[in-house]
Each structure stands twice: as C-alpha cells, then as structure tokens.
Amino acid sequence: MANLDTGNTGFMILCSSLVMLMTPGLAFFYGGLVSRKNVLAIMMQSFVSMGWTTVVWFAVGYSLCFSGDVGGVIGNLDMAFLHGVTLATASPTPGIPLFVHIAYQMMFAIITPALITGAFANRVTFKAYMAFLTLWLLFVYFPFVHMIWGGGLLQRWGVLDFAGGIVVHNTAGMAALASILYVGRRRVMDAGPHSVPLVALGTGLLWFGWYGFNAGSEFRVDSVTAVAFLNTDVAASFAAVTWLVVGWWQEKRPTFVGLLTGAVAGLATITPAAGYVSPVTSMIVGIVSGVICYFAVALKNRLRWDDALDVWGVHGVGGATGIILLGVFASTAFNPAGSDGLILGNGAFLVKEMVAVALSSVWAFAFTYGMLWLIDRVTPVKVDRAAEEGGLDAALHGETAYLGT
C-alpha cells in the first residue's frame, strides 16, 4: 500500500483496541449492577456479542454497511466474507488499510446491541437473546450505519453523527424501551447493585475506551482528533459531577453509583458532537446531560417501566440529547468538515438532526418490538418464574459467580 500513513494506521489500530475494551467494561458495569445470582448471565450477553457479532460482521455486516447502496438504506453483499479485500483495496479512510476500517467499525457493532441487554436484565432466555442479537444487527444497526456513515440517504442529506449518537446510543436506547414494554416487568426485583466496585471498574474501562470511540472517529491524527479527545473527558466529568449534585439534592445523599452513571450519560451524550463542537460546548453538553438523563431515569421510575439498568434514560435520552445539542452548537471553527448549528445561523442543520433522531427512534422501537414478537412465536423470550427466582446464572448456564451462591 504505497500511500500508507503509518502514524494514522497505528493510531486507528490502538483506537480499535480501546473500543474493543469497552465491551468487557460494559459487562463489568452491568454485572455489578445486577444481583449475585444474575451477574454471569448479563456479562455473558456482552461477551457473546464479541464472538457472534464478529461472525456476522465478517459474513455480511461490513458489506451491508459499506459496500454499494440499495435505496440509500442498506449496502449490498459484494464484500460478504470480505470477498475481494486485499492489501491494495481502497479504504474509505485514505492512508489507512481497509482492514483497519473493518476492524474499527466492527468494535462499534459489537458493543451496540450489548448496550440493550441492561434493559431486560434478569428475564430473557439466552436462545431468544441470540436470535434478537442477530436480527437487531441486520435490521436496525446495519441500516443506520449505512444511512449515516456508509454513504446512505441521511449522510447525503447532511446529517452528522461523529461517533454514534444516533447509530449507537439512540437506536440502542429506543430498542431498550421497546424491549421492556414487550417483555414486561421482572417478577423478582433486585435489591440493588451487588458490587459497586465492579460498576466502578466497568465505568473506568468504558471511560478509557471511549477515547478510542470518539477521538478515533476522526480516522486520523489532527486537531479535530485532539478536540474530540478533550471534549469526551470534559463532558463526562461535568456530567458525573452534575448527576452527583442533582442526586444529592433529590435523594439527600451523594452516591457513588450516581457519579458513575452520570459519567456514562455524559460520554453517551457527547458522542455525536465530540468532533464538531468546542470544549466550552462540551461542558454545556455534560451539564445538560447530567440533568436531563437523571430526570429521564426518574420519569421511568414514576411510569414503572422496568428498564433494569437505565439504558433508555442514559443511552437513549443521552444520544438524542447529544444529537439535538449538536444541531444547536456545531461549529466549523472546530471542524471545517462539519457544519454550523442553530446559534451560528444554520437552523436547517438542527432540523435535519431532529428528523434523524425521530426516524431512528421510530425505526429502532418498531423493529425491536416486532422482532421480539416474532422470536416469541418460535421460542419463549421471557424466562419462567422458577428461573427468575433462582437466578439466570444457574437456571440458564449452570454456573455461579461466587462460592456459596
């Protein structure tokens, strides 16, 4: 590859590794939040995505996202099983081998459906989850990757999403909402997180990996990469402190889980805007996300939606909020390849971003609800009462996380 940029290539391989680390981080984050008898079941749902999503991505996923175009909605199968990909194959990212682009985007595909699992924790059969994982990738995730990053209709229309506010977080959040409404409430409610240190470990791994998630989405090392990196940390930090303060005010005590959850909310919310806005804007994004996501979770509780680990309130609401704030605050002064937003006189860009949020929300909700209904016709989606009472670790997998349980 004559025009290989070794610096950018090395950076993107590192970022791919960082994003891969986020999925084990998510497993620890979710694993700590559930009860002792369900920790392995939910961690396995994240880890199995690392294996199975890679298989699907290699077989058809990358091709459906980035090869050809069918109606502006999905790609084709010309590159199925990486057919025709060689060392000399042109990449969408100049100077970087196509293999690196394939690997980096694969890591995004792995973590996105795993995010949804926190919503239906402790009550979905493993067989149904595997079917759900496969269908959700094919009918929700892959189309939105193509529409926004693969040359599809939303990208051609001018919709921007730097690292996945729509593609990852809003679609996962709305899928979570559809899941909890279809599956219903748990029969046995967890008393609370069984291991806050595990939640903290998971948050640390997610936060660390998120630098690859956001800064890596520039696909090269330049000033925008640096801004995206800084914006990621600023937003996460302000959101963590904001959630802590709001929770302290509402609940009369500062909680560690609140601080950690706020950080994840800030990371999710800055994701679509990280490479298109200023650090001052990222501070605003962090504060807004800390407030809005906190009260979204409170609303969920009042409505008695059993979103076990607050996927909708954190990722769904956070992702949508980030896209809307991008439409307001985007500035070409911080990314000439981006767009100016509402405050710089470009209200049309905000409209495009809001339409994209609405489309992705309706699509993800409808397809998720429909595929769960379809799966339920073939194999039960919800575990029986005995499995739920005894814990999914033993009932589904014959394993226990801790001695004496």
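These entries record what I looked up in a predicted model.

**Basis.** I worked from a predicted model, in which local features need pLDDT of at least 70 and side-chain atom pairs count only at pLDDT 80 or more, while totals for chains, interfaces and linings use all residues. Residues are numbered from 1 along each chain as its sequence is written, and side-chain values use heavy atoms, with hydrogens and water left out.

**A121.** I located A121 in the loop that joins helix 3 (98-116) to helix 4 (126-149); helices are DSSP runs of H or I with at least four residues, numbered from the N terminus. A121 has a relative accessible area of 2% and is buried, a term for values under 20% with a 1.4 Å probe and protein chains only. Setting aside neighbours within four places in sequence, I found A121 in contact with V34, I42, R186, A308 and L309, where contact means heavy atoms within 4.5 Å. I also checked G347, 226 residues from A121 along the chain, and the two C-alpha atoms are 40 Å apart.

**Cysteines.** I searched for disulfides, defined as pairs of cysteine sulfur atoms within 2.5 Å, and the count was zero. For C15, the closest cysteine sulfur is that of C65, at 19 Å, which is too far for a bond. C15 is buried at 2% relative accessible area, and C65 is buried at 0%.

**Helix 11.** I noted that helix 11 (residues 311-329) has 19 residues and spans 25 Å from first to last C-alpha, close to the expected 27 Å, which is 1.5 Å times one less than the number of residues. Of its 19 residues, 18 are buried, so helix 11 is largely enclosed by the rest of the structure.

How values were computed:
Helix = DSSP H or I, 4+ residues; strand = E, 2+ residues; numbered from the N terminus. Buried < 20%, exposed > 50% of the residue type's maximum accessible area, 1.4 Å probe, protein only.
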